[in-house]
Amino acid sequence: MSSPIYISDDDDSFDYQSPPEKSTSTDAISITDDEDVDKPKPADMKDKRQALIKNLFPNTKTNGGSSSKWEVVELVAPVQKQPDFVKVIGGVSVHLPVNPYPCQIAVMFKVITAIEKKKNCLLESPTGTGKTLALLCSALGWQKKEHDRMRQQEASMSFAQHPELNQLDGALEYIASPQKSAIESPEAFFSKKIHGERSIYDSPQKQNVVNKRQEPHNDSFDSIPDEGLVKLQKKMRYNSDSSLSAACTTTACSCCSPELPSTPEKFIPVPEKETPTKIRELYALVENLRFRTSMFVGCSLPIIYYGARTHKQIQQVVKELGRTTYCGDARMSLLSARDHSCIREYDRSQWPSKNDMCSSCIKPLSSKEKQKIQTPQETNCKYYDNRKALNWKALPPAFDLKDLVTQGEIMTACPYYAAREMAKNADIVFCPYNYLIEPGIRKSMQIDLTDNIVIIDEGHNIEDICRDAATCNFTRDQVKNALKELNTVAQFRYANQAMMTHVEELQVALGNWDQWFGNQTPLINNQPVNGTEAAFSWQVENFVQTLNNHNIGQNQYSAFHENVEVFCRKFREDSRTLIGITQSTCSLLESLDTVLGFLFRNSGKHMDDFKPVLVRKLHSEVNDANAWRASQFNKQAEYGPLTLRLICMNPAVVFEGLHSARCIILASGTLTPQISMQSELSTEFPLKVSPKHIIPSDRVWIGSLSSCPDGTPLECTSQGTKQTVVQDALGEAVYEVCRVTPHGVLCFFPSYQRMNGLVRRWRQTGLWRRLKELKNIFMESSDAKDHDNNMEEYYDCVGSDMGALLFAVYRGKVAEGMDFKDRQARAVITIGVPYPNKYDIAVSEKMKYNDKYLKEKNLLSGTDWYLVQAYRALNQAVGRCVRHSGDWGAVLLLDARFREHYFTQHLSAWVKEYLGCNHHTFNSLVNGTNSLKSFMEEMTRRENK
């Protein structure tokens, strides 16, 4: 090619106004990034040009179509993701990251209705139907609408009270704008152009423009040959009517203009005018009203308290929040115990617990102490002093406990107190739901539920949580230790002059409790030992009489309550003078105060809802042949300390503390029967919803196994599983499931004892070795750290070709709310029905209580209540199988009893529907027409297709 090729250098400092005329010569090709000529080009020239561009500018892309434009691909910050789907539900625009299922829309409608009308709601949505996302988006969507409504209403009222604001166009809009938004100052906001008018803040008109360059700078390279050269041309300057043509090769061309490009104009600044004093006063007024509006809305907007059972579940909820458009706009916080979020090194030899360490370290330092150690710290804990540095600016918009602790370690700031600080101004607060239920924790965490929104997720066991929260267990040894610490404090009378009256009265009260324990010892000595404990129970009125006889009863409660309040407040705020007092003593006093309050407040309204039991446990079994004699047994027995258990029978005792909330939304996959939930909690739930499962029937296989290989009924009762034939049959069933199932398999046992017993048998028979050849085997641990390590290893192994098998227990961490999606659980095996232990005095007394108040409180009978408790745990375990609409898996129920209608009536509706009459023997389980093997083969084929 003999003619030069001109290529634009794409200099962005020049704006190109109009393209230069193209040369008609076919010997020269001129290429620019702004070529808008509609004239077609020969195909070979176009290809040559594209190849040349690709070679010289590899980081470019060419637009498709007939246009010949090309542009540089620039790396820019990603645009904030907009919501993919917006649904108007109940008058609220709800933004969701996915197109919601019909069951999610049903849930969101009920949530919005409940919040708007201040009514409680029961939501039973099957696991895997997007319940958590629906709860978050609907609640946050309503909160945003309410935020905007309150702000507009308050701004309108403020605007109406100040008629002079009519002089400022847009004053109402400014007052209603959130303070945390990046809105301009009043001066800039009210000085915008309106309908083309000018403002005193506009830039001055251009004056005294000086054109620095009058003559061209002529660099001639005419003597250099042009052949084979590629020349880069600059873009033409803005407003230059003509310049050298891109294809011009002569100096006297008609397309050339004598006017040369000029340099950028230089402006001479003109001083801005001052804002008049009257206008400045109006600006100050609107800013003040804006601040007042923000404060009012911030204090009045209902807070969402979202409770889940464990921090693992909260982590999953926070992950869902991060997917929504509300993330970042709605400020969140996450409450936890010091055991989870205290990052200071803990020395067990110095402090009994982390709570004691914290109480000791955050005491304010005196001026003398600061001078002595020469430190600017306010306390002995640098993490506590720096707690406010760990705030929303330092954290991602959606953070879990791990994120909070990690950032706290980086910033040397206390995650525990930082989260509590953020919770004061948060829009949504996450926490384990016992923080919302237990009065003592609500008080210490300063959680006020009045007129706020309470969401309890995975709340199927809320009854048990409430009963446990009101149940109080304390030993005689604890009373003696607390009394000893109070005696130590009493020695420092001068330092505790203001507290001495309260300390002395508490000494008397605990001394009376110690005497009470001593006087009840003969009662427990005459009781038989069942298992590892002896127990004596009273009728509650007789128990209260014993307390009155020792001056610790109803007449003394008011004074005791006041003393505990003052003493514990002093311990929390400044415990420096309470020398020797530990957190355990304060906890004991508060627990006693709480449970005695339930007994005695409101004229003993809840007195009949408690069962007092005195318990003494054995440390070890007595195996002497003569131990059948009471005298010989008592000589050899090693007893633990006497324990008083005040067992709560009625969960409504605690749950009524939540009634001050705007609304309570109780959600789970297994709330059936819902009438039992209402009567047990003594709370009206006018709104209810129970949508169907979203999983297509061809993606779920549910069946039962009712016989052993030899035809013996597979009865998985507590007595049945002690038979070796049943134990071996269960092992073979687990083996067959693992043989045909790819990847992950979960197997649930009624208890750790039953699981360990079956594993021992399978090791003896060699089945354990065969299982290990098929799958990597893991067993759930009751220890929190071991559990986390086991789950990490399980998730690592489950995706391999060999897969993994996880043994777990009903009501454990694996069964309650953990997410096993896709390959993490292709099959779930359940062994037996997890009935509560009838020999547990709390269970047996609860059944008696329900029978007693069956009609009066509209409760289930004791037997029905017992059945419901078992099947809620079973349904939770079954729900680990399928977690979303694209998931698939199988459930095998190992127990002959599932052939009977009585034992299937309390299964979840979707489980009953898919189970039908799919009951199997060992042979049909693998070789039948609707066998587990054929289902696994078909679904594996679809997945790999």
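Student: Which residue stands opposite Gly889 in strand 25?

Tutor: That residue is Val700. A word on the source: this is a predicted model, where local features need pLDDT of at least 70, side-chain atom pairs count only at pLDDT 80 or more, and totals for chains, interfaces and linings use all residues. Residues are numbered from 1 along each chain as its sequence is written, and side-chain values use heavy atoms, leaving out hydrogens and water.

Student: How do I read strand pairing, and what joins strand 20 to strand 25?

Tutor: Strands of a sheet pair through backbone hydrogen bonds, either parallel or antiparallel. Strands here are DSSP runs (E, at least two residues), numbered from the N terminus, and helices are runs of H or I with at least four. Two strands pair if DSSP finds at least two bridges between them. Strand 20 (residues 700-705) runs parallel to strand 25, with six bridges. Strand 24 (residues 827-831) is also parallel to strand 25, through five bridges, and Thr830 stands opposite Leu893.

Student: Is strand 25 buried or exposed?

Tutor: Buried means under 20% relative accessible area, exposed over 50%, and partly exposed in between (1.4 Å probe, protein chains only). Six of the six residues of strand 25 (residues 889-894) are buried, so the strand is largely enclosed by the rest of the structure. Gly889, Val891 and Leu893 point one way, while Ala890, Leu892 and Leu894 point the other.

Student: What is the strand order in the open sheet of seven strands?

Tutor: The order is 10-11-9-12-18-7-19, with parallel pairing. Strand 10 (332-334) and strand 19 (687-689) are the edges, each pairing on one side only. Within this sheet, four bridges join strand 9 (residues 304-308) to strand 12 (residues 453-456), where Ile455 is the bridge partner of Tyr306.
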